[in-house]
Protein chains: 2
Amino acid sequence: MEASPPATPNGKQQHLLEQLRRAAHELSGQDLHAQLRNTPQAMGLATVYRHLRQLQQRGLVRCRHLPSGEALFAPTERDEHHLTCVDCGRTVPLPACPMHGDDLSPQQLDGFQLLFHTLEFFGLCPLCQQRQQG
Amino acid sequence: MEASPPATPNGKQQHLLEQLRRAAHELSGQDLHAQLRNTPQAMGLATVYRHLRQLQQRGLVRCRHLPSGEALFAPTERDEHHLTCVDCGRTVPLPACPMHGDDLSPQQLDGFQLLFHTLEFFGLCPLCQQRQQG
DNA sequence: GATAGAGTGAGTATCATTCTCAGTCAAGGG
DNA sequence: CCCTTGACTGAGAATGATACTCACTCTATC
């Protein structure tokens with residue numbers, strides 16, 4: 001099917017990473033699969049997830065889970081965190097990350113090779129506060 | 001009616017909360033359901049999840065998601081965070097939380113009523129680092 | 001009692017993710 | 001040139017956690 005020159009070790013992972021970098025916000029596995037459909041870089045859903053996991057293990061993408069269970073992916077270098085409503089699920093990005101992995105002592109790291117972190121705040125958004133009072 | 005004081009609004013929710021407080025570590029919805037089976041406090045799986053969501057919305061329990069997609073619940077007052085291996089999924093609790101919600105400015109909060117936060121670090125555990133090199 | 005409303009749970013539906021497995025490709029040997 | 005080997009792929013099925021449905025059961029009130 002695909003006879004590409006042996007330039008890069010893995011073209012599909014590169015495509016996924018570029019897609020994530022191009023995107024204005026985090027994407028789910030389903031999003032990525034849908035966006036690539038009908039393009040020359042199209043790939044099956046299983047392949048998307050396979051490579052996302054590998055990219056994550058190589059520290060190139062980070063991943064967070066919505067309350068809905070959906071996982072969202074973004075490039076690791078984008079250090080963005082969120083405020084999420086536990087009622088309606090609405091998510092607001094926070095402008096800056098008040099936290100860095102350096103804050104962990106070697107003893108706390110316990111031999112782990114740190115790849116990324118997620119810091120998520122949960123609460124009730126203004127609309128859901130209103131609705132609950134009404 | 002919600003006219004009654006919120007101290008003991010619902011016996012089943014109380015049971016779930018007590019179960020979580022008694023437990024040495026976080027529990028999933030399935031765990032809670034299984035642990036209560038064959039006790040006087042037994043309740044259906046649907047009821048467990050219903051009440052867990054309500055407890056979360058009232059700020060009484062926090063919830064985090066494992067890479068496997070499973071959600072783990074703990075009482076909010078237990079301010080525990082983790083180091084998780086993105087390969088094998090092993091999780092190590094961190095002794096202290098280097099982060100507090102107070103670190104968010106009112107402007108950042110954007111009207112949200114803050115309930116809890118999750119701070120999770122991801123990396124490769126020593127065993128998985130070895131295995132990947134071998 | 002009769003009635004209304006909230007709470008419940010067994011079974012089913014949903015949906016993201018993972019698994020299976022047969023097909024395809026690339027490289028190297030004979 | 002075949003032929004083997006191994007890695008990669010993806011369609012479809014399996015998995016598993018969670019949400020939904022709806023008939024049933026309490027409880028309180030009339």
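What percentage of the 134 residues of chain A count as buried? The share is 46%, where buried means under 20% relative accessible area, exposed over 50% and partly exposed in between, with a 1.4 Å probe and protein chains only. The model is predicted: local features need pLDDT of at least 70 and side-chain atom pairs count only at pLDDT 80 or more, while totals for chains, interfaces and linings use all residues. Residues are numbered from 1 along each chain as its sequence is written, chains are lettered from A and ligands numbered from 1 in the order in which they are written, and side-chain values use heavy atoms, with hydrogens and water left out.

Chain A has 5 helices and 6 strands, in the order α-β-α-α-β-β-β-β-α-β-α along the sequence. Helices (H or I, at least four residues) and strands (E, at least two) are DSSP runs, numbered from the N terminus. Of the contacts in chain A with a separation of 6 or more, 52% are between residues 24 or more positions apart; contact means heavy atoms within 4.5 Å.

**Nonpolar core**

The largest nonpolar core holds 32 residues, and A:Leu83 and B:Leu83 touch the most other members. Such a core is a set of buried Ala, Val, Leu, Ile, Met, Phe, Trp, Tyr and Cys residues joined through side-chain atoms within 4.5 Å. Two or more residues each come from strands S4 (81-85), S5 (91-94) and S6 (113-124) of chain A, and from strands S4 (81-85), S5 (91-94) and S6 (113-124) of chain B. Leaving aside neighbours within four places in sequence, the contacts of A:Leu83 include A:Val92, A:Leu94 and A:Phe121, as well as B:Leu104, B:Leu109 and B:Leu114.

**Aromatic pairs**

Over all chains there are 2 aromatic pairs. Rings of Phe, Tyr and Trp (its six-membered ring) pair if their centres lie within 6.5 Å; planes under 30 degrees apart count as stacked, over 60 as edge-to-face and the rest as tilted. A:Phe116 and B:Phe122 are stacked, because their ring centres are 5.0 Å apart and their planes at 20°. This pair crosses from strand S6 of chain A to strand S6 of chain B. A:Phe116 is buried at 4% relative accessible area, and B:Phe122 is buried at 8%. A:Phe122 and B:Phe116 also form a stacked pair, with centres 5.1 Å apart and planes at 20°. A:Phe122 lies in strand S6 of chain A and B:Phe116 in strand S6 of chain B, so this pair joins two chains. Both A:Phe122 and B:Phe116 are buried.

**B:His82**

B:His82 is in strand S4 of chain B and is buried, at 1% relative accessibility. Its side chain makes polar contacts with the side chains of B:Glu26 (3.5 Å) and B:Arg64 (3.4 Å). A polar contact is a pair of N or O atoms within 3.5 Å; within protein, one must be able to donate a hydrogen and the other to accept it, and residues adjacent in sequence count only if both atoms are side-chain atoms.

**DNA strand D**

DNA strand D is surrounded by 14 residues, the closest being A:Gly44, A:Thr47, A:Arg50, B:Tyr49 and B:Ala71; a residue is near a strand if one of its heavy atoms lies within 4 Å of it. Of the atoms of DNA strand D within 4 Å of the protein, 67% belong to sugar or phosphate and the rest to bases. Distances to phosphate oxygens follow.

| Residue | Protein atom | Distance to a phosphate oxygen of DNA strand D |
|---|---|---|
| A:Thr47 | side-chain N or O | 2.6 Å |
| A:His51 | polar side-chain atom | 3.1 Å |
| B:Ala71 | backbone N or O | 3.1 Å |

Helix H3 (45-57) of chain A and helix H3 (45-57) of chain B are the elements that give two or more residues to the surface near DNA strand D.
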